[in-house]
Amino acid sequence: MKNPWVKKNPFMSMWLSGANSILGSMRGHASAEAKRQTTALMKKGTKQMVDLWSGTTTPSKRTKKKKSR
């Protein structure tokens with residue numbers, strides 16, 4: 001007598017394939033966003049280092065606004 005618990009289930013197979021597809025897509029989106037954030041952070045850090053080395057860390061002077069009457 002065959003064991004019914006080890007019999008292949010086509011519905012379970014389709015459900016797992018769909019779930020795997022969705023999770024793979026989510027993983028791709030998450031890794032792309034992490035890469036974008038890492039790139040932005042590195043760009044900002046590099047700009048701060050260059051500004052520090054070149055002496056441009058002082059903020060620019062603000063112009064005074066004329067008071068309107």
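This is a predicted model: local features need pLDDT of at least 70, side-chain atom pairs count only at pLDDT 80 or more; totals for chains, interfaces and linings use all residues.
I located leucine 16 in helix H1. I then asked which residues form a nonpolar patch on the surface. I noted Met12, Trp15 and Leu16, which have about 360 Å² of accessible area together.

**Helix H1.** H1 covers residues 10-54. I counted 45 residues in H1 and took the distance from its first C-alpha to its last as 66 Å, close to the 66 Å expected at 1.5 Å a residue.

**The two ends of H1.** I inspected the start of H1, where a side-chain oxygen of asparagine 9 reaches to within 3.1 Å of the backbone nitrogen of phenylalanine 11. Just after H1, I noted that glycine 55 has a positive phi of about 80 degrees.

**Salt bridges.** How many salt bridges does a search of the whole structure find? I recorded two.

I examined the pair of arginine 36 and glutamate 33, whose side chains meet at 2.7 Å, N to O. These residues are three apart in H1, so about one helical turn separates arginine 36 from glutamate 33. I looked up the accessibility of glutamate 33 and found it partly exposed, with a relative accessible area of 34%.

I next examined aspartate 51 and lysine 47, whose side chains meet in a salt bridge at 3.1 Å, N to O. Here the residues are four apart in H1, and about one helical turn again lies between aspartate 51 and lysine 47. I found lysine 47 exposed, at 53% relative accessibility, whereas aspartate 51 is partly exposed, at 22%.

An α-helix has 3.6 residues a turn, so residues three or four places apart point the same way. Side chains of opposite charge can pair when their charged atoms come close.

**Overall form of the chain.** I compared the radius of gyration of the chain, 29 Å, with the value near 11 Å that a compact globule of 69 residues would have. I recorded the spans of the C-alpha trace along its principal axes as about 95 × 40 × 10 Å.

**Burial and surface.** What share of the 69 residues in the chain do buried residues make up? I found 0%. I noted that the chain exposes about 7,800 Å², of which carbon and sulfur atoms supply 63%.

Technical notes
Residues are numbered from 1 along each chain as its sequence is written. Side-chain values use heavy atoms; hydrogens and water are left out. A salt bridge is a side-chain nitrogen of Lys or Arg within 4 Å of a carboxyl oxygen of Asp or Glu. Buried means under 20% relative accessible area, exposed over 50%, partly exposed in between (1.4 Å probe, protein chains only). The expected span of a helix is 1.5 Å times one less than its number of residues. A polar contact is a pair of N or O atoms within 3.5 Å; within protein, one must be able to donate a hydrogen and the other to accept it, and residues adjacent in sequence count only if both atoms are side-chain atoms. Patches are made of residues with over 30% relative accessible area and no salt bridge: like charges are joined within 9 Å, nonpolar side chains (Val, Leu, Ile, Met, Phe, Trp, Tyr) within 5 Å. Accessible areas come from the Shrake-Rupley method with a 1.4 Å probe; for residues, only the protein chains shown count as cover. The radius of gyration is taken over C-alpha atoms; the globule rule is 2.2 Å times the number of residues to the power 0.38.
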